Amino acid sequence: MLRRTLLGAGAAGLCAASPPRFAIAQPAQARVLKMVPQANLTSLDPIWTTANITRNHGYMVYDTLYGMDETFRPQPQMAEGHVVEEGGRRVTVTLRSGLRFHDGEAVRAVDCVASLQRWMKRSPIGQKLETFVDALEADGDRRIVFRLKQPFPLLLSALAQVSNSPPFIMPERLARTDPFQQVREVIGSGPFRFVPREFNSGSLVVYERFAEYSPTPVGRPSLTAGPKTVHFDRVEWHIIVDASTAAAALQTGEIDWYEQPPPEIQLLLRRNRNVQVEAIDPLPLTGILRFNHLHAPFADKRMRQAILPAINQADFMSAIVGPDPSLYMTDVGVFTPGTPLANDAALAALRGPRSVDRARALMREAGYTNQPMRLIGPTDILAPSAMTQVGADLVRRLGFNADIVLTDWGTTVQRRTSREPVERGGWSMLFTSFSSFDFVDPSAHFPLRGNGANAWPGWPAIPRLEELRDAWFVAPDLAAQQRIAREIQEVTMDELPYVPVGSYLSITAHRRNLSDRVKGLALFWGLRRS
Amino acid sequence: MFAYVVRRVLATIPVMAVVALFVFSLLYIAPGDPAAVIAGDQATPADVERIRQSLGLDRPYLVRFGAWLWDILNGDLGTSIFTNLPVSTMIAQRIEPTLSLMVVTLILAISVAVPMGVVAAWKQGTVIDRAVMAFAVVGFSVPVFVVGYLLAYFFALEWDLLPVQGYTPLSRGVWPWLQNLILPAIALGTVYIALIARITRATMLEVLQQDYIRTAKAKGVGQAGMLFLHALKNAAVPIVTVIGIGIALLIGGAVVTESVFAIPGLGRLTVDAILRRDYPVIQGVVLLFSFVYVLVNLAIDLAYTLFDPRIRY
């Protein structure tokens, strides 16, 4: 055989073996959903870490006793119901029958007890609940009994907590793991089964529908409550870090859903008729300006108050989401706009004409004499980075002797834990943002804590805030909670542990043929392809 | 020759030891704390400290370095702080895409660049020569990601000819595998083609002035035979050297290319690990890259003997 003949035959074979291009460009198979998540899934234990991506992974694999509906009311999920006795000091939750873990074992009350005990060591509201619990025990296979020192009105809300380590139920053998160590296996009783053999952190995460999952018969899908009915056999998370590449893959149909496209990409995607661009959560995230209360210049309350006249929430928000005012909110206070505790108490200082000159005058009155201050922030996370850029411009215009330190997120996270003064590497101000669920109420609202050395970085010591938080936990009803929430906001706007700098919507983009998406998070039940 | 190879392989040990010390020390003094990243926003300082202890990050420098070195000597690259997976497993998951990308890029670059350089030298001063040199300047100047985006835009989005992202293992067929590598290889190979073409041209120009080339012409050797058999073989040593040095370019460029085309390779693994401060992964991957680089240099040195019989080891 001539060499040329051989090469020709080889080339012909290669072409014959090639699938036509149109087959590749078609949308994924009808029963497979491909999504680009907001971040890489690195750790698989949603109790061990509070990373949002791990929380979303948790909702795929695990289930909770109670789910939270979009009006923030807890609804039975794995639970069939509960009974409150002894004036609220004994609460018995009964499991639905027929629940199974992915390894085939039945879900028992003892699994739930072990899971909740581990969760109470890590979750903020779990830690609070633990202080109320005298005993938590299994009564048979289906009853979980809370014996409380005093009534804890938020018990069901805690069990339905949406974010910051939701109380996911694991088999007892895994739930016995030290809460500061990761579990070694991913076994839940949720609607999807994790496929470990295909897991490639940084590239691909695969879930398969759990055929034995039995959705709650109660209600309709609403946030994490209601029946979790799955319409896909397989869900693939493809980690694509480059936004342009992810957007191109969505446009060509190589993927079905891009969870968090950045604003400039959103503009591009809105022009594509096959792509739907919408808010992933009708509730917004909130940005904050955090002061370091330990050192000058912001250890002085008057200095914190002095810069308020110069804060323009619209400036910060438009830096994140662009100029479209429908994508952000101003006049934002301590709690997530649109939720029961959001209120307008003491927000006058953030309204009306903004004035850098007025702020400078107040700084002089407060005794500012060019002490050094340091603004730290990341360059690689969209919202904090954008707010930090606006903040850097603001502190310069205010005449601060400012050192602006921009680093990657990992360095910022470490650096903000420094309690040293500026001259020894410490910091004075930073910007970051929190999800809608974090600011729904005081339970996991870290910047609102006033517990000094144990508080979130910035370490404000504001005892009144702590008193109000404690009072909120035992408030008997929503009206009482709302009264406390107003006072919390008044104290916050006076003491200024932080300044709210506005709220913005998180936008998602998916192929238009996807419908019935459950709003709030990247959730995969209910969702179907038309 | 055999003794030389053994000596060179043994010489990699101190090199790797220095690299290990350097990488470990650099990470030790670099800012960032994986425990703080893991613990999340709401963690108390006590929580962060407890995680740090559980990860062994609270131990002194020498203890940590000694433990890591001991594990390395026992063939254990450690376990990822975040995924809890052995570093060797993570590297094994990622090595095929990176290796595939580099091999395809190398083949593409050499098969395009060497003929380009040879022809440019042969046609020195003509339009062809100027076109090759212009390509070399542009290819060397345009960043990899720009080339990548342009290719993705035209070949994937506009013309729908090739996929825009991802990687398909070779086990699923040659064409599916190659299909995902064509655009990344062109993007990554452009700078490499420019470099090799330039060096090939310069070296060939020098060789083409030699007396034996004139003699070959006088004896009636054909153009192709003269260029590729007589001249190119004698010009090969510097070209092979540049190809070897260029492996470092490829490793660096692979990081960007893998990001642009979402290829789950070692480059992405390295960047992700650095951003999260996943120390064992960073250390493992950098050690691997260093090892590969040392081996490539050895292979290049050995290749000299093929092209120039006067070289002996």
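Trainee: Where is Asp160(B) in this predicted model?

Mentor: Asp160(B) sits in the loop of chain B between α7 (144-158) and α8 (174-179). Its phi is near 55 degrees, a positive value in a residue other than glycine.

Trainee: Why does Asp160(B) count as partly exposed?

Mentor: Count the C-beta atoms. Asp160(B) has 15 C-beta neighbours inside 10 Å. Buried needs 20 or more, and exposed needs 12 or fewer. The value falls in between, so Asp160(B) is partly exposed.

Trainee: What makes Trp459(A) buried?

Mentor: The cut-off is 20 or more other C-beta atoms within 10 Å. Trp459(A) has 20 such neighbours, so Trp459(A) counts as buried.

Trainee: Where does Trp459(A) lie, and what is its phi?

Mentor: Trp459(A) is in the chain A loop between β17 (429-434) and α15 (463-473). Its phi is positive, about 50 degrees, although Trp459(A) is not a glycine.

Trainee: Which peptide bond is cis, the one that joins Pro297(A) to what residue?

Mentor: The cis bond joins Ala296(A) and Pro297(A), with omega about 5 degrees. Pro297(A) is in the loop between β13 (285-291) and α10 (301-306) of chain A.

Trainee: How is chain B divided?

Mentor: Into domain 1 (17-73) and domain 2 (99-307). Their C-alpha centres lie 37 Å apart. The contact takes 10 residues from domain 1 of chain B and nine residues from domain 2 of chain B.

Trainee: Which helix gives the most to the side of domain 1 of chain B that touches domain 2 of chain B?

Mentor: α1(B), with five residues. The residues of that side of domain 1 of chain B divide into eight nonpolar, one polar and one charged.

Terms used
Residues are numbered from 1 along each chain as its sequence is written. Chains are lettered from A and ligands numbered from 1 in the order in which they are written. This is a predicted model: local features need pLDDT of at least 70, side-chain atom pairs count only at pLDDT 80 or more; totals for chains, interfaces and linings use all residues. Helices (H or I, at least four residues) and strands (E, at least two) are DSSP runs, numbered from the N terminus. Domain bounds come from an automatic or database domain assignment. Two residues are in contact if their C-beta atoms, placed from the backbone, lie within 7 Å. Ala, Val, Leu, Ile, Met, Phe, Trp, Tyr, Cys and Pro count as nonpolar, Asp, Glu, Lys and Arg as charged, and the others, Gly among them, as polar.
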